[in-house]
Amino acid sequence: MPLWEQTKIVTHRMNVALFRNTNYVNNKFSLHIISAMLNGFSFWRPGPSVSALNLKMFTIFNFVFVAPGVINQLQPLFIQRRDIYDTREKKSKMYSWVAFVTGLIVSEFPYLCICAVLYFACWYYPVWRLPHESSRSGATFFMMLIYELIYTGIGQFVAAYSPNPTFAALVNPLIISTLVLFCGIFVPYLQLNVFWRYWMYYLNPFNYVVSGMLTFGLWGAKVTCNEDEFALLEPLNGTTCMEYLSDYMSGAGSSINLVNPDATSACKVCQYTDGSDFLRNLNIMNYTTGWRDIGISVIFAISGYALVFGLMKLRTKASKKAE
């Protein structure tokens, strides 16, 4: 039978098997709903202050932590099906390993799309202060959908070459913790060790996912400092606040917001004017960075699934040698 016909039949079988596996599907949906509601209601409607910018950053960053639970759920099922294929279908040459891997990957796609919708609906609107324009919210949802594909690909390529689920469960924390650590949130780009800054940061898919969501969520957002967030300065020689700070504001302090420029005492300075000033500290220099990050994230998603095929091919060769 031609490979295309094999792939269609095996993919249909995988779809039916996954649809009937209600425990797996319900657990995947429940994990996304519960994680999203915990995230959304923990960061309930942050205001426009400087401290609220950090809250918005962390509610977006918190989305990446949906990955470990789902990966730990999908890998045992992947390895179980792989072992059955190795024992039965491959030995009898019933169908190609390419059709098998394609069926495993494609059968997950509908559920990943539903998971992205569930997380977005349960998280985005409780936070509320994130932009509601379709260009912003739609781009954020699309990035979340891509992330579902990225971490699923990571989980599947680890499982593809793992001898058993226990080994895969031991590898997962190493990979996920490394990606989380170097995505530019815990340690901002400029504070990263030089050894990591110029390769690990740019080879990290989580960096582009978080960066894109931050861009669409915070770029251009108006910042209004709370009273305890203002820096108070006293101008010299009776000059106005604008005259006193003009040189600084034309250079390094271009992002600050001077609230009372005509005052001659107690100059009130807010650290940021809008969210873009905050994002520049995270190496996000313009709004188009978000669209660039979407494109790069798509490449990472495709690369993850390519690794699944590659590692399954290596495993197939290794098993032939063992026989």
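Let's start with one residue and what sits around it. Leaving out residues up to four places away in sequence, Asn39 touches Thr59, Asn62, Phe63, Tyr119 and Trp123. Keep in mind that this is a predicted model.

- You'll find Asn39 in helix 2, which covers residues 22-42.
- So is Asn39 buried or exposed? Its relative accessible area is 1%, and anything under 20% counts as buried, so Asn39 is buried.
- The side chains of Asn39 and Thr59 are joined by a polar contact of 2.8 Å.
- Thr59 is also one of the residues that Asn39 touches.

**Ala36, also worth a look**

- Ala36 has its place in helix 2.
- With a relative accessible area of 0%, Ala36 is buried, because the cut-off for that label is under 20%.
- Which residues does Ala36 touch, if you skip those up to four places away in sequence? They are Tyr119, Cys122 and Trp123.

**Helix 1 meets helix 4**

- Helix 1 (residues 3-20) packs with helix 4 (residues 67-89) at an angle of about 135°, and their axes are 14 Å apart.
- That angle makes helix 1 oblique to helix 4.
- If you're wondering about handedness, the crossing of these two helices is right-handed.
- On the helix 1 side, the contact is made by Arg13, Met14, Ala17 and Leu18, while helix 4 brings in Leu77, Arg81, Arg88 and Glu89.
- Sorted by class, the contact of helix 1 with helix 4 has four nonpolar residues, four charged ones and no polar ones.

**Zooming out to the whole protein**

- The secondary structure comes to 13 helices and three strands.
- Taken along the principal axes, the C-alpha atoms fill a box of roughly 90 × 40 × 35 Å.
- The protein has 323 residues, and 48% of them count as buried; Asn39 and Ala36 are buried too.
- Among contacts with a separation of 6 or more, 78% come from residues 24 or more positions apart.

Key:
Residues are numbered from 1 along each chain as its sequence is written. This is a predicted model: local features need pLDDT of at least 70, side-chain atom pairs count only at pLDDT 80 or more; totals for chains, interfaces and linings use all residues. Side-chain values use heavy atoms; hydrogens and water are left out. Axes are lines fitted to C-alpha atoms, for helices over the stretch in contact, and angles run from 0 to 180 degrees between N-to-C directions. Helices (H or I, at least four residues) and strands (E, at least two) are DSSP runs, numbered from the N terminus. Angles under 35 degrees count as roughly parallel, over 145 as roughly antiparallel, 65 to 115 as roughly perpendicular and the rest as oblique. A crossing is left-handed if the near helix is turned anticlockwise from the far one by less than a right angle, and right-handed if clockwise. Contact means heavy atoms within 4.5 Å. Ala, Val, Leu, Ile, Met, Phe, Trp, Tyr, Cys and Pro count as nonpolar, Asp, Glu, Lys and Arg as charged, and the others, Gly among them, as polar. Buried means under 20% relative accessible area, exposed over 50%, partly exposed in between (1.4 Å probe, protein chains only). A polar contact is a pair of N or O atoms within 3.5 Å; within protein, one must be able to donate a hydrogen and the other to accept it, and residues adjacent in sequence count only if both atoms are side-chain atoms.
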